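Q: Could you walk me through some features of this fold, with the general idea before each case?
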Amino acid sequence: MLKDPDANEAEEQSFLVVVAIDFGTTSSGYAYSFTKEPECIHVMRRWEGGDPGVSNQKTPTTILLTPERKFHSFGYAARDFYHDLDPNESKHWLYFEKFKMKLHTTGNLTMETDLTAANGKKVKALEIFAYALQFFKEQALKELSDQAGSDFENSEVRWVITVPAIWKQPAKQFMRQAAYKAEMASPDNPEQLIIALEPEAASIYCRKLRLHQMIDLSSRAPVNGYNPSDTVGAGFTQAKEHIRRNRQSRTFLVENVIGEIWSELEEGDRYIVVDSGGGTVDLTVHQIRLPEGHLKELYKATGGPHGSLGVDYEFEKLLCKIFGEDFIEQFKIKRPAAWVDLMIAFESRKRAAAPDRTNPLNITLPFSFIDYYKKFRGHSVEHALRKSNVDFVKWSSQGMLRMSPDAMNALFKPTIDQIVQHLSNVFEKPEVTSVKFLFLVGGFAESPLLQQAVQAAFGSKCRVIIPQDVGLTILKGAVLFGLDPAVIKVRRSPLTYGVGVLNRFVEGKHPPEKLLVKDGTRWCTDVFDKFISADQSVALGETVTRSYTPAKPSQLVIVINIYSSEQDNVSFISESGVKKCGTLRLDLTGTDISVPNRREIKTLMQFGDTEIKAMAIDVATSKSVKVGIDFLNY
C-alpha cells in the first residue's frame with residue numbers, strides 16, 4: 001500500500017541521453033551526455049553572434065517576439081535582430097531580457113503572471129518561458145540528430161532544468177508547467193523532466209573535480225606546481241590561461257573517480273557551495289556520507305538577489321547621477337536598442353575589472369545616446385560630465401566614458417559586500433561550523449573582485465576553491481544529476497506541510513470560535529495536522545502517512561486539503577501565512593455499499609524530491625487518488 005507505484009516506473013524508462021538546461025538570469029545554455037557513456041559531458045555547440053570579451057559557451061537569456069506575439073528568436077540572434085531594426089519598427093516588437101528574476105521577486109506567482117517587454121507591453125510569463133524552453137529543446141534535438149545522423153526523438157531524452165534553490169515552490173512548479181507547455185514532458189510522464197537545484201548540481205560536479213581542474217585561492221599548499229610564496233595574482237593569471245584554453249573544447253571528461261580534493265574529505269565533513277550567478281546568490285551546505293559519497297544537505301538553501309545584475313544596477317544609478325534619471329528613463333523607452341548596446345559595452349568592461357588594475361576602463365557611448373542627450377537637454381554629454389561632480393568618470397575625446405578602476409570597483413562593492421555579509425551570517429550558524437571547503441561557482445564567480453573578497457574574508461576559515469570552467473559548473477552537475485538523481489540523499493524541507501482536519505473539540509484546549517456541532521458531535525474545525533516541519537531533514541523518497549476517518553461513514557466524496565506555511569509551529573489553517581497548495585479529492589461513488597462503519601482513509605505525502613507528491617487511499621476498497629502539490633492555482 002505504502003510503496004508509491006511511481007517509484008518503480010522511473011527505473012523502467014530508459015533514456016538514451018540526458019540534456020540539462022541551465023536557464024540563467026543573464027545567460028543560458030545546455031549540455032548533454034549519452035547514458036551509455038556517462039563520463040563524457042558535451043556542452044552545446046558554439047552559437048552565432050557573441051560579444052568581444054565574453055566567452056561564448058552560453059547565450060544571453062533574451063527573447064524576441066514579433067509584433068503578432070509569435071516567437072522570433074532567442075539569445076544573440078534575438079538581441080542583434082532587435083538591435084538592427086529601424087527604431088520606428090522596433091517599438092512594435094516585444095523584446096525581453098533578464099526576465100527570470102520575475103519568478104523570484106513575484107510574491108504571488110500564478111499561471112497568469114505577466115512580464116513586461118522593453119516597449120512596455122505585457123505578455124504572460126508562462127508563454128515566454130515555454131517559448132524559451134521550446135527553443136532549447138529544438139536546438140538540442142537538432143544537435144543530437146546531427147550527431148547521430150538520424151532524427152532524435154524527444155521521448156529518448158531525459159530533460160533536467162536547473163532552478164535556484166532559494167526559489168519558492170511556486171516558481172519550481174511554474175518551470176515544470178512551462179516545460180509541459182513546451183512539450184518536453186507531460187503530466188502523464190512527469191519522470192521525463194527533473195527540476196534540479198542549481199547549487200546541488202554544482203556540488204555534484206565539484207565532487208568529481210581533480211586538482212588540475214580547479215584553482216585554489218588559498219595558496220596554502222602548492223597547487224599546480226605553484227608554491228605558496230607566489231602571489232594569488234599568479235593563480236589568477238594561470239586561471240585565465242586555463243579558461244582561455246578550455247573555451248576551445250566542448251566535451252568534458254568527468255573522471256569517474258571521486259576527485260582528489262574529495263579524498264581529503266572524511267565521513268561527516270562539510271563544505272559550502274556558493275553559487276553566484278547573474279540574478280541570485282545561493283548557498284548550500286552539504287555533508288559527505290560515505291562510503292558512496294552521497295550528500296546530505298545540512299543547511300537549508302539561503303541567499304538573495306545579490307547577483308551580478310546588482311553591478312549593472314549600480315552602473316545605471318551612476319548614469320542617472322550624471323545625466324539625470326528623467327533622461328535615462330526616456331532613453332530606455334525611446335531608444336531601447338541603443339540602451340541594450342550600452343549595457344553590452346558595459347558588460348565586457350565589467351569583466352575586465354580586477355583588484356590590481358591600474359589603467360582606466362573605457363565604455364563607448366552609442367551615438368544615439370550622445371545625439372538624444374543633446375536634443376533632450378540642449379547641451380552635450382561632455383558638459384554633463386564636467387558639471388556632475390562624479391570624480392572618477394571622465395569624458396574621453398573618442399566619445400567614451402572613461403572610468404577609473406576605483407570607480408568600477410565601487411560599482412561592484414554593494415553587491416560583493418552583500419554576498420560577503422550573507423556568507424558571514426551563514427558561517428555563524430551552528431550547522432556550519434568547521435566547513436572544510438568553500439566552492440565558488442556560477443557566472444559571477446569569474447569576477448576576480450568577488451574571488452578576492454571571498455578569499456580575504458573566509459580564507460582563514462576554509463579553503464576557497466573555484467572550478468576552472470566556473471560558469472559551466474552547474475550545467476555539468478545538472479547532467480550528472482540527470483544520470484543519477486538519487487545522489488542527493490537528504491534535503492531540508494523549505495516549508496511546513498500538513499492537511500486541514502476536524503478534531504474532537506476539547507474544552508480549554510481549543511478556542512471556542514472553532515467549535516462546530518454536527519449531528520450532536522462537537523468538532524474543532526480548521527486544525528492543521530502537520531506532516532513535516534520547515535527545515536526538517538527529509539530523505540529522498542521519504543513518505544509520511546496519516547490515517548483519517550470521514551466525519552460521516554456514508555460520505556462518498558472525501559476532500560482533503562493540503563496546506564503549507566513558512567512557520568514551524570502551526571495549529572490552525574486560518575493562521576496568517578498558511579496557504580492552500582493542494583486538494584486530494586477521493587470519489588467513492590460506485591464502490592461497494594457494504595462500507596465498514598469506521599472507514600479509513602490513508603493519506604501519504606512523499607518528500608525529498610525537488611517536487612512533492614501526495615496520495616489518498618480508501619483502505620476498504622483500495623481506491624486511490626494522487627496529486628502533485630500545486631502552488632500556482634490556489
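A: Gladly, and we can begin with handedness: a crossing is left-handed if the near helix is turned anticlockwise from the far one by less than a right angle, and right-handed if clockwise. The crossing of α5 and α6 is right-handed. Keep in mind that this is a predicted model, where local features need pLDDT of at least 70 and side-chain atom pairs count only at pLDDT 80 or more, while totals for chains, interfaces and linings use all residues. Residues are numbered from 1 along each chain as its sequence is written, and side-chain values use heavy atoms, with hydrogens and water left out.

Q: At what angle do α5 and α6 pack?
A: Axes are lines fitted to C-alpha atoms, for helices over the stretch in contact, and angles run from 0 to 180 degrees between N-to-C directions. Helices (H or I, at least four residues) and strands (E, at least two) are DSSP runs, numbered from the N terminus. Here α5 (residues 125–148) and α6 (residues 169–181) pack at about 60 degrees, their axes 8 Å apart. Angles under 35 degrees count as roughly parallel, over 145 as roughly antiparallel, 65 to 115 as roughly perpendicular and the rest as oblique. The two helices are therefore oblique to each other.

Q: Which residues of α5 and α6 meet?
A: Contact means heavy atoms within 4.5 Å. From α5, the residues include Ala125, Leu126 and Phe129, and from α6 they include Phe174, Met175 and Lys181. For classes, Ala, Val, Leu, Ile, Met, Phe, Trp, Tyr, Cys and Pro count as nonpolar, Asp, Glu, Lys and Arg as charged, and the others, Gly among them, as polar. The contact of α5 with α6 has nine nonpolar, one polar and two charged residues.

Q: How is α11 placed against α12?
A: Helix α11 (residues 325–334) packs against α12 at about 110 degrees, with the axes 5 Å apart. That makes α11 roughly perpendicular to α12. Ile328, Phe331, Lys332, Ile333 and Lys334 of α11 make the contact with Pro336, Ala338 and Trp339 of α12. Six of these residues are nonpolar, none polar and two charged.

Q: Where does Thr358 lie, and is Thr358 buried or exposed?
A: Buried means under 20% relative accessible area, exposed over 50%, and partly exposed in between (1.4 Å probe, protein chains only). Thr358 sits in the loop between α12 (336–350) and β17 (361–364). Thr358 counts as exposed because its relative accessibility is 68%. Its C-alpha atom is separated by 6.3 Å from that of Pro405, 47 residues apart along the chain.

Q: In what order do β17, β18 and β19 stand in their sheet?
A: Two strands pair if DSSP finds at least two bridges between them. The order is β17-β19-β18 in an open, antiparallel sheet of three strands. The edge strands, β17 and β18 (393–396), each pair on one side only. The twist averages 30 degrees from one strand to the next. Four bridges join β18 to β19 (residues 400–403), and Lys394 stands opposite Arg402 in β19.
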